[in-house]
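Have the viewer ready and follow along.

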Amino acid sequence: MKSPFFVTLFIFIVSKGFSQEISMDLKNPTLRDIFQQVENQSDYKFAHDEGLVRSKPIGTDLTIKNADIVAVLTTLNDKLPYHFVLNGKNIAVRPKTGPAGKPQVSPSQTYTYSGVVHDADSQPLMGANIYIRERQSGTVTDDDGAFSMTLPRGDYTVRTSYIGFSDREVVLSLTRDIHETYELAIDGEELEEVVVTTMKNGTEIKAPQMSMNRLSVAEMKRMPVVLGEPDLLKSILQLPGVTNAGEASSGFNVRGGAADQNLILLDGVPVFGDSHLFGFFSIFNSDALSGLELYKGGIPAGYGGRVSSVLDVHQKTGDDRNFHMNGGIGLISSRLMAEGPLKKDRGSFMLAGRGSYAHLFLKLSEDLKDNAGYFYDINSKLNYKLGANKTLYFSGYQGRDVLDIGGEFAIRYGNTMASMRLQQRFSDRLISNLSAIYSMYSFTLDLNAAEFNWNNSVTNYGLKYDFNHYFSDNFKLNYGIHAVFYEFNPGTLIAKGETSSFNSTQLDKKYALEPSLYIDAEHQLSEKLSVRYGVRYSQFYRMGSEEIKQYENGLAVVFNTDFQLYEGGMPTGSTHYRSGETINSFDNLEPRLGISYAFNEDMSIKASYNRMAQYIHLLANTQAPIPINLWTPSGPFIDPQLLDQVALGYFKNFRGGDYSLETEVFHKTVQNRIDYIDGANLIANNTIEQVILNGEARAYGLEVLLKKNTGRLTGWVAYTLSRAEQRTPGRTPDEPGIANGDWYLSSYDKLHDISVTGSYQLDDAWTLGTNFTFQTGRPVNFPNGQYEFDGISIPNYGSRNDSRLPAYHHLDFSATYIPKPKKQRNWQGEWVFSLYNVYSRKNAASINFRMNGDTGNNEAVRLSIFGIVPGISYNFKF
Amino acid sequence: MNLYKRISYLMILAVFFTSCEDVIDIGLETAEPRLVIDANIAWVKGTDGSQQTIRLSTTTDYYASEVPPVSGAVILITNSAGEEFHFSETSEAGRYDCDHFVPVLGEDYRLAIVSNGQTYTATEKLMDTPAISAVEQENITFFGEEWIRLTLYYQDDPEVDNFYLSEANASFLTAPARTLISDELSQGNQARVDYLDENLEPGIEIVFSFKSISRRFFHYMTLLEEASSGGPFSTPPANIRGNIVNQTDGGEYALGYFRLSEVETVSYVVE
């Protein structure tokens, strides 16, 4: 961040000068230089459309001495190919060339202009801008790269732009309904130097959507990561409001929310287990992805089921014209992706695989050859056009982790997911998507030593029918109906062999159905004011067959006043529910609202409110999620979590979007956040209701994101100041609740969180990247004393989470080298070198208090996961 | 069976290659001292059980090498018939002995302690313990190493929910190796307890002591183990409460537990 940025910021804050006399002496200036001069010396402001190229030299020198504004504009009108028109304190700027003026229209004659935007590999570009110059308005493409708008008959200049791609401008003569396909080329691929184009990476000013971040795979791949494995989940940690429990821990926390409150979708299919190797790597193979959006607030009504965030990850669509492959070889795993046409211009496939191979080294050792430890992923996506208006999509994923120690101990876990989607275009204004989805997560433990096998799983069957309905440029409706059927297997224990001391046991399976419907409107009320409003109505039916226990006074957890502790209640009987019979049900109306008010093209404020319901809960009382991933549904003893979140934001683009600033404050509360009684055993527990209490959570904070979007140096600084707390008060005055019923810090509270991410393009061959992260250490418990019992020294802990680990920080570097970048070859390779934790900070993953077995003295032991870690990987495509 | 623990071991193993542990200095605050009652009535099978010991101490600074004993307390156990067993302080401060205790299986006993003007009580039943039917030895390979595994067998009572505490004592162990067992998944079976240690080698003698414990004491010991082993993934429980009630002032609670069990001991020499 160099000084011009701060100068601009300063100017913005202080306001402009008051002198009305304007002078300038500029050698071949750009429009921006001229604008700056005029705006600095007067209180006039230029108004122009987003597509105006301001960074190109005008090709002539400009000298003006002590002229008033009218004289200045006369000179400019003479010398430049633009019309400058004074209108109050604003100066409107329009190009002289091109289809001038407003199109000749009779208001009754309107047509639909729709189309699809994709890249050179037929990959749909989601979020691409379609901008109509003459109307100074536009739209954004949806998940499938599709857009639609209604325009009066006439001639238009259409500019199509997308982050990281070169803009494309076409002239359109709209005399009937038109459906077009636009292909964009990757920025810089054909161009020798980095071209700075206006507005394309700036923050979204007018759209009412806030609290949302997009990351492209290209951005992810440039970030330095441990051992050079590009990792989606590690990349999003660089965004404001997103943290996790530390190195080698799966899951992530958004705005003080828990890891199980994130809805992670892969092509619309919910993901239940997000990590490999106990959290070292995420399950997302970067080669198989096109990009992601992370919604932290203001979540549209089309999403539901989790209360904290939505991470919507998209798999790549295969190229329907040519066959390509790309891949990478890294220290931990290797990747290979193939894509190509199924039938030219009709359909395509994408198939990607990734596997780790570190365990192969185990085979080299005579002692360790019976051990195995590896993971793999297979991603696939197929699409096929059934007709002009019908396309069928298939997405699949299968991933597993295997750790087998000499056949004695073996664990296997992973996701299997699939979805089939039929997209239908009824008209240029109405598109529907009908999807059937399947998702399963399973965890298996073989313990031969103890002669048993354990398995638990969660399975999800879903049906979705979604509609995108374009009424006009200013009004768009999304609506649909969803239904998800859940099957939870909390555990199957199988005794192995004749002599096993275990009884084969099937814990009670649980079933639930979650139907919902939603309607979501995107409505531009005026040039300045846009709203997005909607509502989701969700229901949840807990269904049989299941045996539900009854308890004395209906309490599954009771408080023992003698010993001042919570214990399981006494069952008094049970009720059997037949298969399909409703045990109990919940329903919630979830309103969503987003408003944006744009002061001008470069500055807006936005506000949002959302209520969301979450009916399923992850059972975990460990600090970091562990791969067993036991989920349980709401039901007779567990209420659904309910979130209310408000957020307020200020958004500003500087210098035509070269820099942008996003500032947001948020406050959220979650009702019915489950908490556990001390010492709760969650695994192989058939009466989980006996260890669960319903508590509540809240979080609030401030997020600041400063971005430099263009030029050789790009990147951002993100700062989050926040607090995350929870409490579980007693249900009666006799009960103290958990931690005396007071608010205590959630284990993922991070007061300060600073992330700096930068990428610098040195030349055609080399790109350098860096990350810096600083976070307040997470809340933990430190003992306030010790005592001796039964010959062992016991540390005594006071209240919950009243201490903190030391601050967590590290600095990382990466360098990407493309050999012979200009040579036109089929084979393109790149080397990525990385250095994680450059100054080898020993970040504490935990601090344990224990007795030293040799000295008998108590000591504090810090566990740190990574010191400095170098990495290298090679990526290729052809 | 503690799956969490086993999975934690695997996770530790997984991070073993990159992680490191080091001892660091962390200043800790010390709370006001609190009374700790360690009342373990153990009736070793084949003895008359008349010799019993109760220890009193307080909490102290976490880094202190010794815990302060509590002297001058009056300790009494009463059975359901009103028979009294007095414990008197020995020459070792904080240790109180009784030489005329009469253990009866299934009998209810009440402990009463008066210390510093406060009266603490607890009531428990003396638990009976099944016999250890066999000890077996097996050699297994585990992560490239040969291990000796010893297994105890006993018959679980199918009629009731049982909880057990097994302790292995050996000359190389500074404190007994404990295993807490619930019969939740092995109800009524010929059940087993495994014991593994890298120091096991032929000629070494291991003394196992095995006893039934109450459900509440099982939970209590589970919490203590969690607190003392402090795995990197668990949330240590705060202020673990036992079964002692302060009759004078409920806020001034004591830590510790009063429990009574029949104890099965068996000695095994590794072959």
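Two strands pair if DSSP finds at least two bridges between them, and helices (H or I, at least four residues) and strands (E, at least two) are DSSP runs numbered from the N terminus. The model is predicted, so local features need pLDDT of at least 70 and side-chain atom pairs count only at pLDDT 80 or more, while totals for chains, interfaces and linings use all residues. Residues are numbered from 1 along each chain as its sequence is written, with chains lettered from A and ligands numbered from 1 in the order in which they are written.

Let us start with a hairpin in chain A. Strands β35 (residues 557-560) and β36 (residues 565-568) of chain A run antiparallel and are joined by four bridges. A:Val557 has A:Gly568 in β36(A) as its bridge partner. Four residues lie between the two strands of this hairpin, where A:Gln564 has a positive phi near 55 degrees.

Pairing also crosses between the chains. Five bridges link β56 (residues 858-864) of chain A with β1(B) in the antiparallel sense, and A:Leu863 is opposite B:Glu21 of β1(B).

Now for the wider interface, where a contact means C-beta atoms, placed from the backbone, within 7 Å. Chain A brings 73 residues to it and chain B brings 67 residues. On the side of chain B, the elements that give two or more residues include α1 (3-15), β1 (20-24) and β16 (255-269). That side of chain B holds 35 nonpolar, 23 polar and nine charged residues; here Ala, Val, Leu, Ile, Met, Phe, Trp, Tyr, Cys and Pro are nonpolar, Asp, Glu, Lys and Arg are charged, and the others, Gly among them, are polar.

Chain B itself contains two helices and 16 strands. Among its contacts with a separation of 6 or more, 63% join residues 24 or more positions apart.

| Residue | Strand of chain A | C-beta atoms within 10 Å | C-alpha separation |
|---|---|---|---|
| A:Pro152 | β9 (residues 146-152) | 17, partly exposed | 26 Å to A:Glu204 |

Leaving out residues up to four places away in sequence, A:Gln524 touches A:Asn474 and A:Ser530.

Conventions:
Contact = placed C-beta atoms within 7 Å. Buried ≥ 20, exposed ≤ 12 C-beta atoms within 10 Å, placed from the backbone.
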